[in-house]
Amino acid sequence: MADLKLNKVIKRFGDVQTIHGVDLDIKHGEFVVFVGPSGCGKSTLLRMIAGLETISDGEVIIDGLTVNDVSPSDRGIAMVFQSYALYPHMTVKENMSFGLRLAKKPKEEIEQRVAEAARVLKLEHLLDRLPKQLSGGQRQRVAIGRTIVRNPKVFLFDEPLSNLDAELRVQMRVEISKLHEQLGNTMIYVTHDQVEAMTMADKIVVLRDGRVEQVGAPLELYHNPVNQFVAGFIGSPRMNFLNAKVLQMDGNKVSLELTGGEQFSMTLDRPVSVGDVLLMGIRPEHLEVDTSGDVNISLKVDVVEALGGTTFAYTQYAGEDQVVVVTDGSHIIPRGKTITASFNLEHVHLFDTNTATSLLQQQKAPVVAKILSAA
Ligand SMILES: Nc1ncnc2c1ncn2[C@@H]1O[C@H](COP(=O)(O)OP(=O)(O)O)[C@@H](O)[C@H]1O
Ligand SMILES: [Mg+2]
């Protein structure tokens with residue numbers, strides 16, 4: 001078992017506070033991803049859990065025990081870094097067994113644990129090689145193997161795939177997910193890449209400037225972002241934002257007008273004032289290049305990227321910021337022309353312009369639309 005709890009965790013480097021009271025509950029066996037832009041505090045938070053950074057205030061609790069003053073090696077945690085940090089003069093096997101040999105574990109047990117880790121990571125045929133005789137992906141697997149042999153309660157990964165090329169990253173992403181399925185351990189994985197977060201996590205923690213913005217399952221964050229930051233960070237290409245002026249307010253029902261004059265009504269979770277300008281969010285994949293939706297808008301097409309399966313169109317709407325449309329690759333979108341696109345109100349997000357928080361009930365959108373049946 002390895003439940004993990006962060007209780008108002010704060011980090012100060014000298015006078016500068018970089019982590020501002022993070023609360024978090026991680027259950028045994030969960031795959032949790034910390035995601036956020038560079039410098040938001042992901043590594044610092046992970047290193048505090050590992051015991052590599054002191055905790056300025058608050059508590060880190062593992063299985064009910066506060067570990068603030070417990071040394072890293074006694075926390076039952078193992079960490080994989082972006083730089084693999086393998087010993088260059090040791091073979092794969094020696095690298096993987098090093099920690100166990102240092103801990104004076106019985107020889108037989110070391111053999112057995114290394115063999116098991118090598119089997120899980122498909123490294124059996126590479127055990128006698130030196131790191132320089134391995135590819136980047138293989139080195140990363142050895143680094144992971146070195147942590148598996150220690151049989152930790154919690155695995156921590158700090159951007160472990162950043163040094164790999166795009167194809168290998170996708171492959172390793174799948175391998176780490178499979179590994180989690182096989183081992184069933186608690187894993188915390190840090191990345192700035194929202195695609196990694198979406199594809200790997202049971203639970204995503206979105207961080208910004210040392211604060212938690214939102215915690216939730218990937219599709220919860222996609223459908224119900226609590227604020228503009230999460231809405232813009234999760235999803236690729238990012239959500240489009242348009243200005244929407246409040247024409248009328250009747251209870252919590254609001255009539256809105258976009259810059260191009262299009263009008264529609266929505267129900268908010270709190271009242272706003274007539275004349276306010278709200279921020280409307282609509283994802284590129286929720287704009288259809290036809291008039292099938294509830295609201296039609298005219299878009300001037302600047303650039304078209306036809307990728308085959310999908311086509312991206314970068315467009316301008318009524319002099320506002322760029323609006324991106326993603327359509328099926330079978331559509332031909334003419335560059336330089338004006339097209340009509342439409343969207344359904346169920347896909348619209350609305351944010352308060354001042355606080356950037358969502359104005360919609362958070363249970364609004366369906367999290368799972370349909371479950372495909374297995375053949
Ligand atoms: N040892 C340190 N001394 C002072 N500031 C630090 C130190 N380590 C990290 N920071 C600062 O803390 C913030 C968070 O850094 P970090 O956790 O590395 O971010 P991330 O991993 O999300 O990119 C940054 O502003 C960084 O400059
Ligand atoms: Mg980092």
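1. Glu-116 and Arg-119 form a salt bridge, with N and O 2.9 Å apart; the term requires a side-chain nitrogen of Lys or Arg within 4 Å of a carboxyl oxygen of Asp or Glu. The two residues lie 3 apart in helix α3 (residues 107-120), which puts about one helical turn between them. Glu-116 is partly exposed at 37% relative accessibility, and Arg-119 is partly exposed at 45%. Buried here means under 20% relative accessible area, exposed over 50%, and partly exposed in between (1.4 Å probe, protein chains only).

2. Salt bridges with shared partners join Lys-11, Arg-47 and Glu-53 into one network. Arg-47 has a relative accessibility of 26% and counts as partly exposed.

3. The model is predicted: local features need pLDDT of at least 70, side-chain atom pairs count only at pLDDT 80 or more, and totals for chains, interfaces and linings use all residues. Residues are numbered from 1 along each chain as its sequence is written, chains are lettered from A and ligands numbered from 1 in the order written, and side-chain values use heavy atoms, leaving out hydrogens and water.

4. The structure holds 12 salt bridges. One of them pairs Lys-5 with Asp-25, the closest N and O atoms being 3.6 Å apart. This pair links distant parts of the chain, 20 residues apart: Lys-5 sits in strand β1 (residues 4-13) and Asp-25 in strand β2 (residues 16-26). Helices (H or I, at least four residues) and strands (E, at least two) are DSSP runs numbered from the N terminus.
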